[in-house]
Each structure stands twice: as structure tokens, then as C-alpha cells.
Amino acid sequence: MVTTIVSIWRRRLVRASLLVAPLLLFASARGYATEAAGEAAEAVPEMPNLLSIIHGIWHQQIDAWLAAVNTHLPPLLQLEWRNFENVGFAFIIAGIIGTVAIVASRHRALKPDSRLYLFMENIAEGFHDFFSQVLGEETRRYLPLVGTLFIYIFCMNIAGLVPFFKSPTSAWGINLAMAVVVFFYVQVVGISRNGFAGYLRHFLGDLPSFRELGFAIGIIVVPFMAILNVGLHILEELIKPLSLSLRLFGNIMGEDTLLAVFGALVFLIPGFVKLPLHFPFELLAIIFSTVQALIFSILAAVYILLMLPHEQTAH
């Protein structure tokens, strides 16, 4: 199972990177992240991370370089260092996950009883059993997406608990980029599985027939309901990326802010013995990070399921 997932992931890695990377960079460049909310954002506490320390040491050189780059960019794409932190850690975490997956797949050929491979195999099988409750027979086809979403989001969520790291999902732009990817993927699934005509028919929903209403009433009610259903379905599809991204952003930003506040309070305690006031919140952060990753990936699976042909979703 894990070999199949990794092989699919490796074939689609370049295409996925070409899609996700510009979205991440554009969202961060425009300051959709929490820190880019202007002067008020400076008041939002956060733990120091590796990239912020690097900027603190070489801030003059970095700011001068960014200023030189911004002179060649339109106002819409002006870059700021604080936005690079989220994108930087997002790519670092993606690289770590990809490296582990590739190493695990190669261990299968060299050493089938490798602990790393068996661990990844158990994770893949567990994901398959879990998401099969949502996707049924279609699980194998869409598991590489929803399973990777869970792993990627979970790792980004808990990255803030690692010293000198930061949770990229505490920035709305990162979450919006992933939600937009899910949005377009779902639309592609709808068109490929239903055909373009069936995809458009999906937006009409279930309409009453003229026989049920009568011709005189039906000629008024049916077109009105068709227009109403199309409008509501389009609005629903557009709201999905916003709800996915804002839910994850609000929870993780709140967790990171809480950890930063209580972590700072540790140094205000007099004496040499410092009580780890933030430790209980770290345990809660692990739980909430898991829940939020699960919610995002489950909703992605549900959105895919809703786009499948009705005979495929009858289970």
C-alpha cells in the first residue's frame, strides 16, 4: 500500500509543486499570513524560530535585498521577510515528509523488514481503513491526496512545538493555498467522473418534474428552482476553501499565541527554578493539531465523495 502511494506521489510531485508553490508564494507575498495584518500584527506574540533568528542577525542585508527585489515587482506582489518564514517552513516540512516517504519505499526493496517501512506501511493501511468509511471503494484512488493532506497538515501544526520551528498553518495564506488545491482537485474529479454535462447537472440538483407540479405551475417553479439551486451550489463551492482555511488558521494561530504567552511567563517567575507553565498547553496543542488535520482531510474526502457519480456513492 505505501509503495503504491509513494509511487503515485513521486509521479505527480513536479506537477503538484508547480501548482502549490506559486499559490503559497503569492498568498504569503500579499501578507495573508497573520503577521501581515499591519502594525497590530506586531503585537501578536510568537516563539522565536530559526528564520526569525537569521533575519535578526542579518536583517540589514536581507531587508536591502528585499527592497531591491521589490523595486522590480508591482505593489500586489511586494515581498516581506515575515511572510517568507511561513513559506520556508512549509517547504522544509514538505521536503522532510517527501524524503522519509522515498527512503521508506526504497527500504522495501533493500530491506523488507525495515522498521521505517513497516511503520509507514501501518500508517498507510490505517489511513486506508479509516478513509474507506467515507470513500468506500474509491479510497485507493483518492487516498494519496487525503492521506498526504493529513500528514502534511499534522506535521505543520505540531512544528510549532519543535524548538526553533514555526507552524506554517498559523498563517491563513498557507491554509488558503491548500484549500484552493482541494477546490480545484474536486472540480477536476467532478468533470472527469461525470463528464462536463454531468458536472453542470450536479449544480442543478434534484428538480421536480412538470408532471408532479403541472405544466402551468412547473413552467414557473422549475426554472426558478434551477436558478436558485445553481446559485446556491456555486456559493457553496466558493465558501468551502474559505471555511477550510479559516478553521485551521484560527485554531493553530490561537494555539501558537497561547504557547508563546505562557512560554514568556516562564521567564517572569523569580528565582532559578522555572515552572513550565506552557507544558499543559503543549499536550492540548498535540490533540488539537491532530483534530484539525483530521477535519481538513475528512472534509476533503467528503467534498470528493459529493462529486462522484451517484451510483458510486450509493454505499
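Okay, Phe184: this one sits in helix α7, where helices are DSSP runs of H or I with at least four residues, strands are E runs of at least two, and both are numbered from the N terminus. Bear in mind that this is a predicted model, so local features need pLDDT of at least 70, side-chain atom pairs count only at pLDDT 80 or more, and totals for chains, interfaces and linings use all residues. Numbering starts from 1 along each chain as its sequence is written, and side-chain values use heavy atoms, with hydrogens and water left out.

Now, what does α7 pack against? The axes of α7 and α10 come within 8 Å and cross at roughly 15°. Axes here are lines fitted to C-alpha atoms, for helices over the stretch in contact, and angles run from 0 to 180 degrees between N-to-C directions. That makes the two helices roughly parallel, since the label covers angles under 35 degrees, with over 145 roughly antiparallel, 65 to 115 roughly perpendicular and the rest oblique.

Who meets whom? On the α7 side, the residues include Tyr185, Val186 and Val189, and on the α10 side, Phe296, Ala300 and Ile304 are among them. Contact means heavy atoms within 4.5 Å.

Next, α10 itself. Helix α10 covers residues 279-307, and its 29 residues should span 42 Å at 1.5 Å a residue; the end C-alpha atoms are 43 Å apart, which agrees. The expected span is 1.5 Å times one less than the number of residues. Buried residues in α10 include Ala285, Phe296, Ile304 and Met307.

Which residues touch the most other members of the largest nonpolar core? Phe296 and Ile304, out of 38 residues. Such a core is a set of buried Ala, Val, Leu, Ile, Met, Phe, Trp, Tyr and Cys residues joined through side-chain atoms within 4.5 Å. Helix α6 gives the most to this core, with 9 residues. Leaving out residues up to four places away in sequence, Ile304 touches Leu135, Tyr142, Leu145, Val146, Tyr185, Val186 and Val189. There's also a second, separate core of 5 residues, including Leu51 and Trp81.

Last, the whole chain: 10 helices and 0 strands, with buried residues making up 37% of the 315.

Note on methods
Buried means under 20% relative accessible area, exposed over 50%, partly exposed in between (1.4 Å probe, protein chains only).
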